[in-house]
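Subject: Structure for you to look at

Hello,

Here is the structure I said I would pass on. Please open it and keep it in view while you read the notes below.

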Amino acid sequence: MAFMVKHMVGGQLKNLTGSLGGGEDKGDGDKSAAEAQGMSREEYEEYQKQLVEEKMERDAQFTQRKAERATLRSHFRDKYHLPKNETDESQIQLAGGDVELPRELAKMIEEDTEEEEEKASVLGQLASLPGLDLGSLKDKAQSTLGDIKQSAEKCHVM
């Protein structure tokens, strides 16, 4: 039983006493951040500057990717006649206004457009019908045309 009480209350007591007598364990309190990192002051300043530059580059790349996605979404909105989204427009403007799609995405859109144009044609519609063989249909049409030409040649009226 004493073990249970010590286990339950002991951790809380350590936390309480640790926060009350906190200044005694730290002998490094007057060191600067650069010395704590094991660098000179100039090295530390250069390191901090490099971190800021890397963060700015990451933010710029992230903004560019967001703008590319917004461009893609606006392309599909235009294609399918959907209402425009103001957040997409603002993301494109934040990236400089003229955002190009990555090659892979542009290639995918081009392929989709070609497929849709192909399906939109009459032959594309016929090809999508189940149980229809275009080759046999073409052969039948050519043989019928040949028969009509032969019968037209035999006709004496023409």
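Helix 3 covers residues 41–79, and at 1.5 Å a residue its 39 residues should span 57 Å; the C-alpha atoms at its ends are 57 Å apart, which agrees. The expected span is 1.5 Å times one less than the number of residues. Helices here are DSSP runs (H or I, at least four residues), numbered from the N terminus.

Before going further, note that this is a predicted model, in which local features need pLDDT of at least 70, side-chain atom pairs count only at pLDDT 80 or more, and totals for chains, interfaces and linings use all residues. Residues are numbered from 1 along each chain as its sequence is written, and side-chain values use heavy atoms, with hydrogens and water left out.

Helix 3

Which residues of helix 3 are buried? They are Ala67, Glu68, Ala70, Thr71, Leu72, Ser74 and Arg77. Buried means under 20% relative accessible area, exposed means over 50%, and partly exposed is in between (1.4 Å probe, protein chains only). These buried residues of helix 3 pack against helix 4 (86–94) and helix 5 (103–120); contact means heavy atoms within 4.5 Å.

Thr71 is a residue of helix 3 and counts as buried because its relative accessibility is 16%. Leaving out residues up to four places away in sequence, Thr71 touches Ile92, Val99 and Leu101. Its side chain also reaches the backbone oxygen of Ala67 at 2.8 Å.

His81 lies in the loop between helix 3 and helix 4. Phi of His81 is near 55°, a positive value in a residue other than glycine. Is His81 buried or exposed? His81 is exposed, with a relative accessible area of 72%.

Helix 4

In helix 4, the buried residues are Asp88, Gln91 and Ile92. Viewed down the helix axis, they fall within an arc of 100°, so they line one face of helix 4. The arc is taken from the directions that run from the helix axis to the C-beta atoms. An α-helix has 3.6 residues a turn, so residues three or four places apart point the same way. On the other side of helix 4, Glu86, Gln93 and Leu94 are exposed. Helix 3 is included in what covers the buried residues of helix 4. Just after helix 4, Gly96 takes a positive phi of about 115°.

Regards

Notes:
Helices (H or I, at least four residues) and strands (E, at least two) are DSSP runs, numbered from the N terminus. A polar contact is a pair of N or O atoms within 3.5 Å; within protein, one must be able to donate a hydrogen and the other to accept it, and residues adjacent in sequence count only if both atoms are side-chain atoms.
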